[in-house]
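User: Could you walk me through how to read the features of this model? I'd like the general idea for each one, then the case at hand.

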Amino acid sequence: MSDCIFCKLANGVIPTATLYEDSLFRVILDANPATKGHCLILPKEHYANLWEMPEDLTAKAFVLARRIAAAMTEAMHCDGFNIVQNNGTAAGQTVFHFHIHLIPRYKDGPAIVANWPQSPLTDGDRDAILSAFRKVMAGKS
């Protein structure tokens with residue numbers, strides 16, 4: 001997409017601090033990092049979200065995430081990682097080009113980024129979710 005900022009970053013139209021690049025992806029340092037080493041995996045093709053991407057490309061994105069996280073752990077001596085992928089405004093997505101955040105975590109660093117309130121799963125919610133999900137999946141077989 002000609003107006004997508006992440007398409008421009010992924011395809012080298014806008015200069016970036018590139019950690020890795022191949023024919024399908026570019027991995028760049030985040031311009032506003034949560035921690036030292038925070039980077040983004042960007043597919044070069046435009047997909048707004050996870051379910052728009054072909055399954056083989058989605059698999060390759062997460063294999064690449066594993067490889068980058070392993071290299072970043074060794075290079076930055078981090079103690080852990082948050083791997084974050086948001087889909088939709090309600091989930092915190094602000095740029096509608098699929099991307100994966102790799103956020104190195106350090107034991108003496110800031111508090112955990114990914115945190116949400118928890119409440120017990122009720123029997124009614126469990127049954128309704130299972131029923132709705134199974135109906136959708138049955139239609140996809």
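User: Which residues form a nonpolar patch on the surface, and how much accessible area do they have together?

Analyst: A quick note on the ground rules: this is a predicted model, where local features need pLDDT of at least 70, side-chain atom pairs count only at pLDDT 80 or more, and totals for chains, interfaces and linings use all residues. Residues are numbered from 1 along each chain as its sequence is written, and side-chain values use heavy atoms, with hydrogens and water left out.

Now the patch. Patches take residues with over 30% relative accessible area and no salt bridge, joining like charges within 9 Å and nonpolar side chains (Val, Leu, Ile, Met, Phe, Trp, Tyr) within 5 Å. Areas come from the Shrake-Rupley method with a 1.4 Å probe, and for residues only the protein chains shown count as cover. Here the members are Leu50, Trp51, Phe62 and Ile83, with about 420 Å² of accessible area together. Phe62 sits in helix H2 (residues 55–76) and is partly exposed at 37% relative accessible area. On that scale, buried is under 20%, exposed is over 50%, and partly exposed is in between (1.4 Å probe, protein chains only).

User: How do the elements of the chain run from the N terminus on?

Analyst: Helices (H or I, at least four residues) and strands (E, at least two) are DSSP runs, numbered from the N terminus. The order is α-β-β-β-α-β-β-α, which comes to three helices and five strands. The C-alpha atoms fill a box of roughly 50 × 40 × 25 Å along the principal axes, and 33% of the 141 residues count as buried.

User: What is the volume of the largest pocket, and which residues are closest to its centre?

Analyst: Rolling a probe the size of a water molecule over the atoms shows where empty space is left. On a 1 Å grid over the protein atoms alone, a pocket is an open set of points where a 1.4 Å probe fits, with protein on both sides within 12 Å along at least five of seven lines; lining residues have an atom within 4 Å of a point. Points are joined across faces, edges and corners, and the volume is the space filled by probe spheres set on them. The largest pocket has a volume of about 240 Å³. Of its 18 lining residues, Phe6, Leu9, Asp30, Ala31 and Leu40 are closest to the centre. Helix H1 (5–10) and strand S2 (25–29) are the elements giving two or more residues to the lining, and H1 has the largest share, with three.

User: Which salt bridge involves Glu21, and what does the pair tie together?

Analyst: Side chains of opposite charge can pair when their charged atoms come close. The cut-off is a side-chain nitrogen of Lys or Arg within 4 Å of a carboxyl oxygen of Asp or Glu. A search of the whole structure turns up four. In one of them, Lys44 meets Glu21 at 2.6 Å, N to O. Lys44 is in the loop between strand S3 (39–43) and H2, and Glu21 is in strand S1 (residues 18–21), so the pair ties together parts 23 residues apart in sequence. Lys44 is buried at 18%, while Glu21 is partly exposed at 41%.

User: What is the phi of His77?

Analyst: Most residues other than glycine have a negative phi. His77 has a positive value, near 55°. His77 is in the loop between H2 and strand S4 (80–84) and counts as exposed, at 62% relative accessibility.
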